[in-house]
Every structure is written in C-alpha cells, then in structure tokens.
Amino acid sequence: MATVELDDLLSNEQTAALLGIKKNTLEIWRCKGKGPAFIKLGQHPSSPIRYQRSRVMAWLAENTFASTSAYSAANAPWNASA
C-alpha cells in the first residue's frame, strides 16, 4: 500500500483548475465514470472528494494523442479498451 502525502491530494476545485475546466465539468465526468480516478473520504454523500495529483497527471498522459485520427481510433466502439 502506497503512502499518500497530504500535498498530493487535490480538491475538486484544485483539480478542475489544474485541468483548465470548470469544477462542474469535473463533477459531471465523475458521475459518468470519466475523468481521473478520485478518492471519496468517507461514506456519507457529502463526504469530500479528493484527487491524487499523480493519478491526474497519469490520466492526462493516457489521454494525450498525436492526431485526431489517433484519438478516433482509440475511442472507436469496436476498440475493447475504450
């Protein structure tokens, strides 16, 4: 089990700012199962959400493409990994 430094945990607002999107967009992505993996701190519906900076950066790397055709091929419905 990896140790997580508190500095590595980002709030919804911080993560949205890092990605250059509105926090509402990040919330929508989370509900749809898109976007970077998140951590729920507790069982209550209002428990805070945090994102590990390293996972956000890894998600960005996984979603980096050299061309629109590379993006299209990666997201094709017949691509089992999409």
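**Reading the strands, helices and core**

Analyst: Let us begin with strand pairing: I39 has R50 in β3 as its bridge partner. Please keep in mind that this is a predicted model.

User: In which sense do β2 and β3 pair, and over how many bridges?

Analyst: Strand β2, residues 39–40, pairs with β3 in the antiparallel sense, and two bridges are found between them. Strand β1, residues 9–10, is also joined to β3 by two bridges, and these strands too run antiparallel.

User: Where is S47 placed, and is S47 buried or exposed?

Analyst: S47 lies in the loop between β2 and β3. The general idea is to compare the relative accessible area with a cut-off: a residue under 20% is called buried. S47 has a relative accessibility of 13%, so it counts as buried. Apart from neighbours within four places in sequence, S47 is in contact with K40, L41 and G42.

User: Which residues make up the largest nonpolar core?

Analyst: As a general idea, nonpolar side chains in soluble globular proteins tend to be buried together. Here the largest nonpolar core has seven residues, namely A16, L19, L26, I49, Y51, V56 and W59.

User: What does I49 touch, beyond residues up to four places away in sequence?

Analyst: With those residues left out, I49 touches L10, S11, N12, R30, F38, I39 and K40.

User: At what angle do α1 and α2 pack?

Analyst: The angle is about 105°, and the two axes are 8 Å apart. An angle from 65 to 115 degrees is counted as roughly perpendicular, so α1 is roughly perpendicular to α2. On the α1 side, the contact is made by N12, E13, T15, A16 and L19. On the α2 side, K23, L26, E27, W29 and R30 take part.

User: How many salt bridges does the structure hold, and which side chains meet there?

Analyst: The structure holds one salt bridge. In this bridge the side chains of K23 and E13 meet, at 3.6 Å from N to O. The pair links distant parts of the chain, since K23 belongs to helix α2 (residues 23–32) and E13 to helix α1, ten residues apart.

How values were computed: Residues are numbered from 1 along each chain as its sequence is written. This is a predicted model: local features need pLDDT of at least 70, side-chain atom pairs count only at pLDDT 80 or more; totals for chains, interfaces and linings use all residues. Side-chain values use heavy atoms; hydrogens and water are left out. A nonpolar core is a set of buried Ala, Val, Leu, Ile, Met, Phe, Trp, Tyr and Cys residues joined through side-chain atoms within 4.5 Å. Buried means under 20% relative accessible area, exposed over 50%, partly exposed in between (1.4 Å probe, protein chains only). Contact means heavy atoms within 4.5 Å. A salt bridge is a side-chain nitrogen of Lys or Arg within 4 Å of a carboxyl oxygen of Asp or Glu. Helices (H or I, at least four residues) and strands (E, at least two) are DSSP runs, numbered from the N terminus. Two strands pair if DSSP finds at least two bridges between them. Axes are lines fitted to C-alpha atoms, for helices over the stretch in contact, and angles run from 0 to 180 degrees between N-to-C directions. Angles under 35 degrees count as roughly parallel, over 145 as roughly antiparallel, 65 to 115 as roughly perpendicular and the rest as oblique.
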